[in-house]
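Hi,

Here is the structure I promised to send over.

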Amino acid sequence: MTTGAGAEREKACVCCGRRIVWRKKWERDWESVRYCSEKCRRTRLDETDLALEEAIVSLLHGRAGGGTICPSEAARAVAGDDDAEAWRAMMERTRRAARRLVASGKVVMMQQGRVVDPSSARGPVRIRLK
């Protein structure tokens, strides 16, 4: 087991929730690494991102024990069900919000009934309370 800055070998990006894996070049400043990419560093979370997180959690609390939701349900709740273009444009932001919730330990992402790593999940996913 390594001690020091490399002891915690991974953390989640504060913007997209993807996994950041420790690298030797970050040895001195691992504690200050917060973003997985330059794009995430430029992107700032706003009220819409927070509203998406709240929508995911509230929709899940409304489901019967262990129920799941599709990320599109949260996007529709925030953007409005009537405007298909608006909620479809929000889908990546919704997946980012779900990944942040996974990183915080509130929810899990699932595919085909199994819990998956949100950083590597491709295709349709479901979200469930942890």
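Q112 is exposed, with a relative accessible area of 73% (exposed means over 50%, buried under 20%, and partly exposed in between, using a 1.4 Å probe and protein chains only). Q112 sits in the loop between β4 and β5, and although Q112 is not a glycine, its phi is positive, at about 55°. Most residues other than glycine have a negative phi. The hairpin of β4 and β5 has two residues between the strands. Helices (H or I, at least four residues) and strands (E, at least two) are DSSP runs, numbered from the N terminus.

Before going further, some housekeeping: this is a predicted model, in which local features need pLDDT of at least 70 and side-chain atom pairs count only at pLDDT 80 or more, while totals for chains, interfaces and linings use all residues. Residues are numbered from 1 along each chain as its sequence is written, and side-chain values use heavy atoms, with hydrogens and water left out.

How much of β4 is buried? Five of its five residues are, so β4 is largely enclosed by the rest of the structure. The cover is on both faces: V107, M109 and Q111 are buried on one side, and V108 and M110 on the other. In a regular strand the side chains alternate between the two faces of the sheet.

β4 also has pairing partners (two strands pair if DSSP finds at least two bridges between them):

- With β5 (residues 114-116), β4 pairs in the antiparallel sense over three bridges; M110 has V115 as its bridge partner there.
- With β6, β4 (residues 107-111) runs antiparallel, joined by four bridges. V107 has L129 as its bridge partner in β6, and M109 has I127.

Which other strand does β6 pair with? That is β3 (residues 68-69), which is antiparallel to β6 (residues 126-129) over two bridges. T68 has R128 as its bridge partner in β6.

Zooming out, the protein chain has five helices and six strands, and from the N terminus on they run β-β-α-α-β-α-α-α-β-β-β. The C-alpha trace spans about 50 × 30 × 25 Å along its principal axes. Of the 130 residues, 34% count as buried. Among contacts with a separation of 6 or more, 41% are between residues 24 or more positions apart (contact means heavy atoms within 4.5 Å). The accessible surface comes to about 8000 Å², 49% of it belonging to carbon and sulfur atoms; areas come from the Shrake-Rupley method with a 1.4 Å probe, and for residues only the protein chains shown count as cover.

Last item, the largest pocket. Its volume is about 210 Å³. A pocket here is an open set of points on a 1 Å grid over the protein atoms alone, where a 1.4 Å probe fits, with protein on both sides within 12 Å along at least five of seven lines; lining residues have an atom within 4 Å of a point. There are 14 lining residues, and W26, V33, Y35, C36 and S37 lie nearest the centre. β2 (19-21) and α1 (38-42) each supply at least two residues of the lining, with β2 giving the most, three residues. By type, the lining divides into six nonpolar, two polar and six charged residues.

Cheers

Technical notes: Points joined across faces, edges and corners; volume = space filled by probe spheres on them. Nonpolar A, V, L, I, M, F, W, Y, C, P; charged D, E, K, R; others polar.
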